[in-house]
Amino acid sequence: VELISTTPIGYYADELKIVGRYAYIIEGDGGQGFFSVLDISNPKNPLILGSIATSIGPQGLDVVGSKAYVSTHTGSRLQIIDISNPSSLSIISTTVISLGAAALVVNGRYAYISYYTDARVEIFDISLSSSPVLVDTIATGNNIQSPVEIIGRYLFVPSYATNNLNIYDIGGLETSSALVHSLEAGNLSVR
């Protein structure tokens with residue numbers, strides 16, 4: 001194993017997502033938060049392409065298409081960032097959320113935010129990026145410190161307090177993927 005490069009990024013890195021040739025990083029020192037994009041196509045010489053301030057304490061990160069989604073722990077915000085031009089990042093929207101966000105995952109038109117202290121997962125409709133809307137809250141009964149995951153119609157939530165894996169059926173919400181072995185439908189509309 002050989003270390004081939006080191007790139008200073010500023011503050012304490014909280015989460016990293018790699019998509020294609022880009023690395024997306026949220027970072028913060030308990031004060032101001034930051035979101036940065038690096039070109040990692042040459043791993044021996046990563047280049048910082050852009051950075052933008054976020055709310056205080058960025059904690060959750062997901063990247064889908066030309067948007068990055070950031071939830072902040074102490075700043076209590078969901079921020080959607082336009083990443084279509086990494087050297088000119090811009091915040092599309094900032095939405096107030098509950099205090100204590102731990103992690104964030106985007107699936108289809110929904111963002112799922114888990115919380116350290118409030119033992120819940122909040123679900124936001126993000127189909128209109130400029131104005132996300134809280135559509136549901138799942139009371140988990142347990143504090144969550146790690147990311148939640150979604151596979152098909154199921155939401156997987158690890159419990160910090162009870163050391164359990166809780167699985168929720170979110171079939172009533174739209175998902176971006178589904179595994180279908182058989183289908184019976186009275187009326188079927190396909191768009």
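1. Of the chain's 191 residues, 43% count as buried, a term that denotes under 20% relative accessible area, with exposed meaning over 50% and partly exposed lying in between (1.4 Å probe, protein chains only). The model is predicted: local features need pLDDT of at least 70 and side-chain atom pairs count only at pLDDT 80 or more, while totals for chains, interfaces and linings use all residues. Residues are numbered from 1 along each chain as its sequence is written, and side-chain values use heavy atoms, with hydrogens and water left out.

2. The secondary structure consists of 15 strands and zero helices. Both kinds of element are DSSP runs numbered from the N terminus, helices being H or I of at least four residues and strands E of at least two.

3. Among contacts (heavy atoms within 4.5 Å) with a separation of 6 or more, 35% are between residues 24 or more positions apart.

4. Strand S1 (residues 13–19) and strand S2 (residues 22–28) run antiparallel and are joined by six bridges; strands pair if DSSP finds at least two bridges between them. One of the bridge pairs is Glu15 with Ile26 in S2. The two strands form a hairpin with two residues between them, and Gly20 in the turn has a positive phi of about 60 degrees.

5. A nonpolar core is a set of buried Ala, Val, Leu, Ile, Met, Phe, Trp, Tyr and Cys residues joined through side-chain atoms within 4.5 Å. The largest has 13 residues, of which Tyr24, Phe35, Leu61, Ile81, Ile83 and Leu89 touch the most other members. S2, strand S3 (33–39), strand S5 (58–64) and strand S6 (67–72) each supply at least two residues of this core, and the largest share, three residues, comes from S2. A second, separate core of 12 residues includes Ile97, Ala101, Leu104 and Ala111.

6. Thr95 lies in strand S8 (residues 90–96) and is buried, with a relative accessible area of 13%. Not counting residues up to four places away in sequence, Thr95 touches Ser76, Arg77, Leu78, Phe124 and Pro132.

7. Leu134, in strand S12 (residues 133–139), is partly exposed at a relative accessible area of 43%. Beyond its neighbours within four places in sequence, Leu134 is in contact with Glu122, Ile123 and Phe124. Leu134 and Ala111 are 23 residues apart in sequence and 9.3 Å apart in space, C-alpha to C-alpha.
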